[in-house]
Amino acid sequence: MKIIDTHCDALLKLQLEKRKPSFNKPGLNFLDAEILDTNFQRLQQGQVYVQFFAVFVYPDIPSDEKWQHALEQVDLFYSEILGKNPLMKHIKKWEDIDALKEGEIGAVLTLEGADAFGNDLTKLRHLYRLGVMSIGLTWNNANLCADGAGEPRGGGLTLLGKEVVKLNNENRIFTDVSHLSVQSFWDVMDSADYPIASHSNARALCDHPRNLDDEQIRAMFAKNGMVDVVFCLDFIKKDSSHVTIADLIKHIDHLCALGGVQHIGIGSDFDGIPAHIIDLENASKFQNLINELQKRYTEREVEGFAYRNFLAHRPGAVHI
């Protein structure tokens, strides 16, 4: 069954390998690098239809270097993922997904944290032109746009952050709520036309600040937003030493109980998580999740979780 995965950190891994100080050392090969959970061969094996690739810059990078770090990852997206793998097709507008041919995999560029462009909206517009289709205003820290989930003061969006959401709306770009503080989340709900939680779970089952509480989840559904379950062990259950696919599916069950059967997707966070769900260690194992879901849900519902719900809720889609 086809899979749309709305979050991975392969670009960061590619960049870190490229930046290692070694004379004439080649970087990772996206085709088959063992260290990449989402290398091309694994995406093929897992029947991935569309993979989102996040640009992420560590908060401790000096401010005057963050833009360069972001551009390096964008360059790797173009040179290593698209340039060397003809079956990887750049999704530059949402309708491009419909044009994918058999065997092709759509590649979507996203931004995790507005730190990369600071307060320079010209840089943000450049990112739109380069193909960024989803923007999370923060990682866990605070920045000039908003407070993240790890910022103790728990503030909301700044005036700059609200302007970014407005620009996202105008450009049919997702505003990603996954790493926002609670107040920032509600500020986004007030103004975003296209909210998405690209990689979050249910806080009622696992009390972690990166997860969404039931009120937030219902608000996402009310705005035709997607909540895409994440494979990070710490976001699935308190005892993260032994996490199974069944544990992850409990979060899907909970989201469905809140009325979200048509608003659930997958946001693995592959290449950004240090440990993995048993039998879901990389993108080649996606069908193990599908097989378990098919034991509990109808074929149509599972297709929804895997890819159809996203197609129905991407910016510009007609909601019937």
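Is R19 buried or partly exposed? R19 is partly exposed, with a relative accessible area of 43%; buried stands for under 20% relative accessible area, exposed for over 50%, and partly exposed for the range in between, with a 1.4 Å probe and protein chains only.

The model is predicted, and local features need pLDDT of at least 70, side-chain atom pairs count only at pLDDT 80 or more, and totals for chains, interfaces and linings use all residues. Residues are numbered from 1 along each chain as its sequence is written, and side-chain values use heavy atoms, with hydrogens and water left out.

Salt bridges were examined across the model. A salt bridge is defined as a side-chain nitrogen of Lys or Arg within 4 Å of a carboxyl oxygen of Asp or Glu. The search of the whole structure gives 18 salt bridges. One of them joins R19 to E72, with 2.7 Å between the closest N and O atoms. E72 belongs to helix α3 (residues 63-82) and R19 to the loop between α1 (10-18) and α2 (40-45), so the pair ties together parts that are 53 residues apart in sequence. Helices here are DSSP runs of H or I with at least four residues, strands are runs of E with at least two, and both are numbered from the N terminus.

A salt bridge also connects D247 and K237, where the closest N and O atoms are 3.3 Å apart. This pair links distant parts of the chain, ten residues apart: D247 is in helix α8 (residues 245-257), and K237 is in the loop between β8 (226-229) and α8. D247 is buried, at a relative accessible area of 10%, whereas K237 is partly exposed, at 25%. K237 and D247 are linked with K250 in a network of salt bridges. In a further pair, the side chains of E281 and K285 form a salt bridge with an N to O distance of 3.0 Å. E281 is partly exposed at 28% relative accessibility, and K285 is partly exposed at 28%.

The packing of helices was described next. Two packed helices are described by the angle between their axes and the distance between the axes. The axes are lines fitted to C-alpha atoms, for helices over the stretch in contact, and the angles run from 0 to 180 degrees between N-to-C directions. Angles under 35 degrees count as roughly parallel, over 145 as roughly antiparallel, 65 to 115 as roughly perpendicular, and the rest as oblique.

Helix α3, which holds E72, packs against α4, with axes that come within 12 Å and cross at roughly 5°. The two helices α3 and α4 are therefore roughly parallel to each other. Contact means heavy atoms within 4.5 Å. In this pair, W67, L71, V74 and Y78 of α3 meet K123, H126, L127 and L130 of α4. The contact of α3 with α4 has six nonpolar, one polar and one charged residues. In this classification, Ala, Val, Leu, Ile, Met, Phe, Trp, Tyr, Cys and Pro are nonpolar, Asp, Glu, Lys and Arg are charged, and the others, Gly among them, are polar.

Helix α4 (residues 121-130) also packs with helix α5 (residues 159-170), at an angle of about 30° and with the axes 12 Å apart. That angle makes α4 roughly parallel to α5. The crossing of α4 and α5 is right-handed; a crossing is right-handed if the near helix is turned clockwise from the far one by less than a right angle, and left-handed if anticlockwise. L121, L124, R125 and Y128 of α4 make the contact with L160, E163, V164, L167 and N168 of α5. Six nonpolar, one polar and two charged residues make up the contact of α4 with α5.

For helix α6 (residues 182-191) and helix α7 (residues 214-222), the axes come within 11 Å and cross at roughly 20°. This makes α6 roughly parallel to α7. The crossing of α6 and α7 is left-handed. V182, F185, W186 and M189 of α6 meet E215, Q216, A219 and M220 of α7, and the residues of this contact divide into six nonpolar, one polar and one charged.

Two single residues were also considered. H254 is in helix α8 and is buried at 17% relative accessibility. Apart from neighbours within four places in sequence, H254 is in contact with A202, A204, L205 and D214. F310 is in helix α10 (residues 299-313) and is buried at 3% relative accessibility. With neighbours within four places in sequence again left aside, the contacts of F310 include I4, T6, F52 and W94.
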